[in-house]
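These are my notebook entries on a single chain. I record below what I looked up, topic by topic.

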Amino acid sequence: LGGKRKDFTDPDWLNAEFLFYDENAQLVRVKVKDCLDSKNLGYVYQDINVPWLRNRPTPLVSKVSRKIKKSGVAMAAEIPAASQVFPAKLDKVVRAMVARPKKSRTTKEKDDEEEILVIEGIEVNRVSFVKFDVFINDEDEKVIRPGNSEFAGSFVNVPHKHKHGSGKNITKTCLRLGITELLEDLGAEDDDGVVVTLVPR
């Protein structure tokens, strides 16, 4: 797929075996490496042009405009730190300044390790539909769409109605979003922190 993606080469994983029954009710042993090429499974995908693979999202605000605005406004002074905002009930738009572990990373550093935004301690009711969008350095969350660079991703909980276990419906989870390319698109690689906006839907 290109980019920072790499094929797994760990032999322990590639040679892991699973037992299945085939169409003749015969027990067969299948290794992970046997399933990596779809031709071995009896099908191939049509080779067609996929233009969206080469098209990066576009920032709602240009890098030049953003730099001019930064020079005149101390954003960090206006937006509270994450430690002052969370934990929070997400019944309205929430913004927080999140410090970055390292800025101005080299190309090699970015190739070796993706910068990840982690939202921890998300508590949801499993029987309820829950969704919120995550934006980075947004100007107006009402007009930003997935086609804009400021859009980092979404968290979605699909209702789970099955009754089992202790009967407790509250579950705790986290959301991890890769933001290396997003920061490049926004011209925010040299920033000490980013403004993270959570928008309930």
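Which residues make the nonpolar surface patch of about 350 Å²? I looked this up in what is a predicted model. I found that the patch is made by Phe-8, Trp-13 and Leu-36. I located Trp-13 in helix H1, residues 11-14. I noted a relative accessibility of 36% for Trp-13, so I class this residue as partly exposed.

Entry on the core. I looked up the largest nonpolar core and recorded 19 residues, with Phe-132, Val-134, Ile-136 and Leu-175 having the most contacts inside it. I then listed the elements that each supply at least two residues of this core: strands S4 (116-125), S5 (130-136), S6 (151-157), S7 (170-178) and S8 (193-200), together with helix H6 (180-186). I noted that S4 gives the largest share, four residues. I also looked up the contacts of Ile-136, leaving out residues up to four places away in sequence; among them are Leu-117, Ala-152, Leu-182 and Val-195, and also Glu-150.

Entry on the backbone. I kept in mind that most residues other than glycine have a negative phi, and that most peptide bonds are trans. I found a cis peptide bond from Phe-86 to Pro-87, with omega near 5 degrees. I placed Pro-87 in the loop between helix H4 (82-85) and strand S3 (94-99). I recorded a positive phi of about 65 degrees for Ala-25, which sits in the loop between strands S1 (17-21) and S2 (27-31). Ala-25 is exposed, at 56% relative accessible area. I recorded a positive phi of about 55 degrees for Ser-104, a residue of the loop between S3 and helix H5 (107-112). Ser-104 is partly exposed, at 39%.

Entry on charged pairs. How many salt bridges are there? I counted ten. I looked up Glu-17 with Arg-29, whose closest N and O atoms are 3.2 Å apart. This pair joins strand S1 to strand S2, across twelve residues. I classed Arg-29 as exposed, because its relative accessibility is 56%.

I next looked up Glu-184 with Lys-110, at 3.0 Å between the closest N and O atoms. Glu-184 lies in helix H6 and Lys-110 in helix H5, 74 residues apart. Is Lys-110 buried or exposed? I classed Lys-110 as buried, because its relative accessibility is 11% and the cut-off is under 20%. I found a further salt bridge between Lys-110 and Glu-189, at 2.3 Å from N to O. Glu-189 is in the loop between H6 and S8, 79 residues from Lys-110. I concluded that shared partners join Lys-110, Glu-184 and Glu-189 into one network.

Note on methods. Residues numbered from 1 in each chain as written. Predicted model: local features only at pLDDT ≥ 70, side-chain atom pairs only at ≥ 80, totals over all residues. Heavy atoms only, no water. Patch = residues over 30% accessible without salt bridge, like charges linked within 9 Å, V, L, I, M, F, W, Y side chains within 5 Å. Areas by Shrake-Rupley, 256 points an atom, 1.4 Å probe, with all protein chains shown as cover. Salt bridge = Lys/Arg side-chain N within 4 Å of Asp/Glu carboxyl O. Buried < 20%, exposed > 50% of the residue type's maximum accessible area, 1.4 Å probe, protein only. Core = buried A, V, L, I, M, F, W, Y, C linked by side-chain atoms within 4.5 Å. Contact = heavy atoms within 4.5 Å.
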